[in-house]
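Let's take a friendly look at the links between side chains in a protein chain. Keep the picture open while you read, and find each residue as it comes up.

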Amino acid sequence: PLSSSDATNPVNNQDTACVNINSATKEELTTLNGVGESTAEKIIMGRPYTQVEELLNVSGIGETTVEKFKDMICI
């Protein structure tokens, strides 16, 4: 069973779900295009986020990277 703080948006590998950048595990974050283990750790260290654009403050993430996966993430 998956645990999620938002029952209406369970984090899983289906296209219909989104990866919550405030609660996803490192493994879930690395499923995003352009995110490796070190970047996933930086995302986790930068929590909490109030908007997706705050990812641009994370070292190693630029606008191009956010564009690759912005449709797959949520807050």
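Start with Cys18, which is buried, with a relative accessible area of 10%. Now find Cys74: this residue is buried too, at 17% relative accessible area. Both values come from a predicted model, and both residues count as buried because that word is used for anything under 20%.

## The disulfide

What joins Cys18 to Cys74? The answer is a disulfide, with a distance of 2.1 Å from S to S. If the word is new to you, a disulfide is a covalent bond between the sulfur atoms of two cysteines.

Which parts of the chain does the pair tie together? Cys18 lies in the segment before β1 (19-20), while Cys74 sits in strand β2 (residues 73-74), so the bond ties together parts that are 56 residues apart in sequence. The link of Cys18 and Cys74 also has a handedness: with 65° about the S-S bond, it is right-handed.

Next come the charged side chains. How many salt bridges does a search of the whole structure find? There are three.

Look at Lys26 in helix α1 (residues 26-29) and at Glu37 in helix α2 (residues 37-45), eleven residues apart. These two form a salt bridge, and their closest N and O atoms are 3.6 Å apart. Lys26 forms a salt bridge with Glu41 as well, with 3.0 Å between the closest N and O atoms. Since Glu41 lies in helix α2 and Lys26 in helix α1, this pair ties together parts that are 15 residues apart in sequence.

## The bridge between Lys70 and Glu67

Which residue does Lys70 meet in a salt bridge? Its partner is Glu67, and the N to O distance between their side chains is 3.4 Å. Lys70 is partly exposed, with a relative accessible area of 37%.

Notes: Residues numbered from 1 in each chain as written. Predicted model: local features only at pLDDT ≥ 70, side-chain atom pairs only at ≥ 80, totals over all residues. Heavy atoms only, no water. Disulfide = S-S within 2.5 Å. Helix = DSSP H or I, 4+ residues; strand = E, 2+ residues; numbered from the N terminus. Buried < 20%, exposed > 50% of the residue type's maximum accessible area, 1.4 Å probe, protein only. Salt bridge = Lys/Arg side-chain N within 4 Å of Asp/Glu carboxyl O.
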